[in-house]
Structures are given as structure tokens and as C-alpha cells.
Amino acid sequence: MQISGLPTLLEQHWQGRDLVLRLRLDPELPWFRGHFPGAPLLPGVVQVHWAMHYGRQLPGLAGSFAGMNQLKFQRPLRPGQECELHLCWQADKGQLLFSYRLGDEHASSGRVRLCP
């Protein structure tokens, strides 16, 4: 079942400390409308939101959003694509690392800081 505003979760598994999710970016997701006409792509703020949403499955991840840094958007995520979202919780630093990948290529990555 797809929750409104979220991609279709095709698969998830652990890869060492990372939680890896394979996602389908359904063309009918509301985030693609108007961003941008004729060349839609997934907004960066949505990518961070999804990382936080799915990151809540990581053991020990708790707290509220406190900021983000080292954001890199290298390749656009477009409607209909499948991508992987890699998540790693660094409890000692209070940060969630995320990385979106299209095959072997990095699409985007960043660090979300959380406060208790």
C-alpha cells in the first residue's frame, strides 16, 4: 500500500550498518507537479523528508530535525525511475547519513542532524 506522498517501496534490506531501500518514483507523486513543467524532478527537500521518514526504522534514531549539511545534488531524480536510498544512523554524532543512487551513480547525499 502506498502512503500519499511517498514512493513505492519495492524492497529493503540491511547492508552492514546501512538500511537500503529500493524505491520507485511514481509519476503521479504530487512532488513532480510544477517542479518543473516539461522536465519534472524530485525536489531536494522531499529527498531529505523521505530520508527522515524511512530513517525512523533505524535502531536508536530519535530526536527532532536540527539541521543539515554536506548536501550534494548530483543527478536529478525523475518520475518513473527506480533508485536506492541508503541510510546510516551515526548515534555518536547525532546524524543521519543518506544517499540516493541510480544504479552505480550517486544522485544525492547529505547529513541530517538531530537533537534529542
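At 29% relative accessibility, arginine 22 counts as partly exposed (20% to 50% relative accessible area; buried is under 20% and exposed over 50%, with a 1.4 Å probe and protein chains only). The structure is a predicted model, in which local features need pLDDT of at least 70 and side-chain atom pairs pLDDT 80 or more, while totals for chains, interfaces and linings use all residues. Residues are numbered from 1 along each chain as its sequence is written, and side-chain values use heavy atoms, without hydrogens and water.

Arginine 22 forms a salt bridge with glutamate 11, with 3.3 Å between the closest N and O atoms (a Lys or Arg side-chain nitrogen within 4 Å of an Asp or Glu carboxyl oxygen). This pair links distant parts of the chain, 11 residues apart: arginine 22 is in strand S2 and glutamate 11 in strand S1 (residues 8-15). Strands (E, at least two residues) and helices (H or I, at least four) are DSSP runs numbered from the N terminus. Glutamate 11 is partly exposed, at 36% relative accessible area.

## Other salt bridges

The whole structure contains 4 salt bridges. In one of them, aspartate 26 pairs with arginine 24, the closest N and O atoms being 3.0 Å apart. Aspartate 26 is buried at 5% relative accessibility, whereas arginine 24 is partly exposed at 32%.

Another joins the side chains of glutamate 105 and arginine 75, at 2.9 Å from N to O. Glutamate 105 belongs to strand S6 and arginine 75 to the loop between S3 and S4, so the pair ties together parts 30 residues apart in sequence. Glutamate 105 is partly exposed at 39% relative accessibility, and arginine 75 is partly exposed at 40%. Through shared partners, salt bridges also join Glu11, Arg22 and Glu82 into one network.

## Helix H1

H1 has 12 residues and reaches 16 Å from its first C-alpha to its last, close to the 16 Å expected at 1.5 Å a residue (1.5 Å times one less than the number of residues). Its buried residues include Val46, Trp50, Met52 and Tyr54. The buried residues of H1 pack against S2, S3, S4 (82-90), S5 (95-102) and S6 (105-115), contact being heavy atoms within 4.5 Å.

## Backbone geometry

Most residues other than glycine have a negative phi, and most peptide bonds are trans. Glutamine 70, which is not a glycine, has a positive phi of about 55° and lies in strand S3 (residues 64-73). A cis peptide bond, with omega about 5°, joins histidine 35 and phenylalanine 36. Phenylalanine 36 is in the loop between strand S2 (18-24) and helix H1 (44-55).
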